[in-house]
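Please open the structure in a viewer and follow the selections below in the order in which they are presented.

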Amino acid sequence: MFDTRPKLSRREFLALLGSAASVTMLGACTSQTLGTPTGVAPTATPNPPQPTPTEIPPIPTPLVVMEPGGLEMVLVEAGSFQMGSAGGAAQEQQVHLVNITTPFYASKHEVTFWQFDEFCDDTRKLEPDDGGWGRETRPVTGVNWYDAVEYCNWLSERDNLNPCYSSGGLATQCDFLASGYRLPTEAEWEYAARGGQRSQGYAYAGGNDPDGVAWYAENSGDKTHPVGQKAPNELGLCDLSGNLWEWCWDWHESDYYAVSPSNDPVGPDIPSSDRGNWGRNRVRRGGSWHEDADMLRIVYRSYDGPEYRALTNGFRIVRTA
């Protein structure tokens, strides 16, 4: 079909184009004069040259590995960082260089009741207290340090990996090069909480606003919450700040930072005590649903007796890559 509409002359076309341009400018700038002649196109103002934007390479997506039992593990690449804080509590100070020389995998979430109850069913172990808040995908509470170590060895054997822990009690030893699951060292925990090589220098794991990344005293309603409901950190790890304190491998000494080696520190030797087991504590990190925001800080150090079970204590696991 042919177009039978009358053709515009070049002069008519330019006049019409000038009128349309005037209307467009009126819509964009309310200070334009309404009496612009419709037959005269406005003088175009040349746009200044725009600088070529610097191309920012995309941040690669963290590598997540699904273990045989459905456990999500995130790769934490080797790297170096300044551990501690210059302005925090005394035991946080003595900022020092730490080199994590071996990459490791860290569980994306804290170990849940659903995961730990499977271990209890298989070993006929008494299931821990959930505080009446529910189980399933909430982080497991009421577990002491020894419970966490026992779970790690059970899970390693279930997944056909070499267990990391041997002996038991105060004499518990860890083979950090074994293929199985274990608790993170305090240095590994802080490195992962900071975001590893992707760190943005946040105060809390994943941001500077505790409400966005953590369940704590101000927003928890005095209970734990299912894992993964708050924003993850730079590595994709969730709940490193808040929800539950997380057990670490290390014995605790308040002045350890002053003597810590630079490469892969694993904490001090077992501390001496004149009060038996009660004078010896294991490190825990991250704060919980019960604490204020100060204790959620990545650099905040805490501890508890390894035999102590509480509704504020839980754990996540790691595995040497």
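**A tour of salt bridges and strands**

Select R158 to begin: with a relative accessible area of 33%, R158 is partly exposed. The model is a predicted one.

E118 forms a salt bridge with R158, and the closest N and O atoms are 3.5 Å apart. E118 belongs to helix α2 (residues 113-123) and R158 to helix α3 (residues 145-158), so the pair ties together parts that are 40 residues apart in sequence. E118 is also partly exposed, at a relative accessible area of 34%.

Stay with helix α3 and select D147 together with K125. These two form a salt bridge whose closest N and O atoms are 3.1 Å apart. Here D147 lies in helix α3 and K125 in the loop between α2 and α3, 22 residues apart, and the pair links distant parts of the chain. What is the relative accessible area of D147, and is the residue buried or exposed? D147 is buried, at 4%, whereas K125 counts as partly exposed at 23%.

Now display the sheet. Four strands form an open sheet in the order β11-β10-β9-β12, with mixed pairing. At its edges stand β11 (302-304) and β12 (313-314); each has a single partner strand, so one side of each is left without a neighbour in the sheet. Within the sheet, strands β9 (residues 245-251) and β10 (residues 282-285) run antiparallel and are joined by three bridges.

Select E246, which stands opposite R285 in β10. Which residue forms a salt bridge with E246? The partner is R316, with the closest N and O atoms 2.8 Å apart. This pair links distant parts of the chain, as E246 is in strand β9 and R316 is in the loop between β12 and β13 (318-320), 70 residues apart. E246 is buried, with a relative accessible area of 0%, and R316 counts as buried at 2%.

A search of the whole structure finds 17 salt bridges.

For the last stop, select C174, located in strand β7 (residues 173-174). C174 is buried, at a relative accessible area of 14%. Leaving aside residues up to four places away in sequence, C174 touches C164, Y165, R182 and W249. The C-alpha atoms of C174 and W249 are separated by 8.6 Å, although the two residues are 75 residues apart along the chain.

Methods. Residues numbered from 1 in each chain as written. Predicted model: local features only at pLDDT ≥ 70, side-chain atom pairs only at ≥ 80, totals over all residues. Heavy atoms only, no water. Pairing = 2+ DSSP bridges. Helix = DSSP H or I, 4+ residues; strand = E, 2+ residues; numbered from the N terminus. Buried < 20%, exposed > 50% of the residue type's maximum accessible area, 1.4 Å probe, protein only. Contact = heavy atoms within 4.5 Å. Salt bridge = Lys/Arg side-chain N within 4 Å of Asp/Glu carboxyl O.
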